[in-house]
Amino acid sequence: MKNPRSILITGASSGIGAALAEFYAGPGVSLALCGRDRARLDRVAQSCRDKGAEVKAEIVDVSERDAMAAWISRSDQARPLDLVIANAGISGEGDLDEAATRAIFAVNMAGVLNTIFPALRPMRKRRRGQLALVSSIAGFRGLPSAPAYSASKVMVKAYGEALRGVLASEGIGVSVICPGFVESRITAKNDFPMPLIMSAAKAARLIARGLARNRLLIAFPWPFVAFMWSLNLLPPCWTSKLLSRLPKKGRT
């Protein structure tokens, strides 16, 4: 969607979410932002207000279905939403930690559903709007280095791709965002080399450009995307051996 004026973003207190909020901020723009940390979220909100945007920022846990429904309903009633970006996500250790695994699924999978369904109801009545689901390059294949994280992002990618075909006839756009390594609180915890890592501001520009063109898949950087695509063309036994050597992700 070109020039959305009413935008809701989850996970807006840092990283890509904060960068997108600041990218879209400007006179005549209304931003509904949520995050987990009040101090960081308030800083982002103030930065957006300084650019002329109207901002309402709330602490909302995306895994809380009723709280999300209430917040999104209030936001849409205040100003009908043009663009909803389901960005909130967490990472975790690569071992078989049940608590961490369930927490990742609750935020990265259920959190996306808790974001898009309350937004879809009024969008479908208006027959317009756009949804952006943030997946990851890790969503191209299950990774032994991050089983829960990659599995959750695979789900988001597949669901968004399928949802686009369902909603196209109703005038609602759906885009799936698959970034590589982006500077954030999550990647700051990684103690291994991160190829082609980019700033959150640059990632936000690429995402916004893709959303303006209503692209189905917004994936970057391209060398990393090509590498992940190529893995799916190789025999599974080869890729399993290769991916088993990847370092484990840190928890956040």
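A residue is called buried here when its relative accessible area is under 20%, exposed when it is over 50%, and partly exposed in between, with a 1.4 Å probe and protein chains only. By that definition Cys178 counts as buried, at 0% relative accessibility. The structure is a predicted model, in which local features need pLDDT of at least 70 and side-chain atom pairs count only at pLDDT 80 or more, whereas totals for chains, interfaces and linings use all residues. Residues are numbered from 1 along each chain as its sequence is written, and side-chain values use heavy atoms, with hydrogens and water left out.

**Sheet**

- Seven strands form an open sheet with parallel pairing, in the order E3-E2-E1-E4-E5-E6-E7; strands (E, at least two residues) and helices (H or I, at least four) are DSSP runs numbered from the N terminus, and two strands pair if DSSP finds at least two bridges between them.
- Strand E3 (54-59) and strand E7 (217-220) stand at the edges with a single partner strand each, so one side of each has no neighbour in the sheet.
- From one strand to the next, the twist averages 15 degrees, where angles run from 0 to 180 degrees between N-to-C directions and axes are lines fitted to C-alpha atoms, for helices over the stretch in contact.
- Strand E6 (residues 172-179) pairs with E7 in the parallel sense over four bridges, and Phe220 in E7 is the bridge partner of Pro179.
- Helix H5 (residues 147-167) packs on the sheet and touches strand E5 (129-134), E6 and E7, its direction making about 155 degrees with that of E6; contact means heavy atoms within 4.5 Å.

**Helix pairs**

- The axes of helix H4 (residues 98-126) and H5 come within 8 Å and cross at roughly 15 degrees, which makes H4 roughly parallel to H5 (under 35 degrees is roughly parallel, over 145 roughly antiparallel, 65 to 115 roughly perpendicular and the rest oblique).
- Residues making this contact include Ile104, Phe105 and Leu120 of H4 and Tyr149, Met155 and Leu163 of H5.
- The crossing of H4 and H5 is right-handed, meaning that the near helix is turned clockwise from the far one by less than a right angle, with anticlockwise giving left-handed.
- Helix H1 (residues 15-24) and helix H6 (residues 200-212) have axes that come within 8 Å and cross at roughly 65 degrees, and their crossing is right-handed.
- Among the residues in contact are Ile16, Leu20 and Phe23 of H1 and Ala204, Ile207 and Leu211 of H6.

**Cysteines**

- The structure holds zero disulfides, a disulfide being a pair of cysteine sulfur atoms within 2.5 Å.
- Cys34 is buried, with a relative accessible area of 1%.
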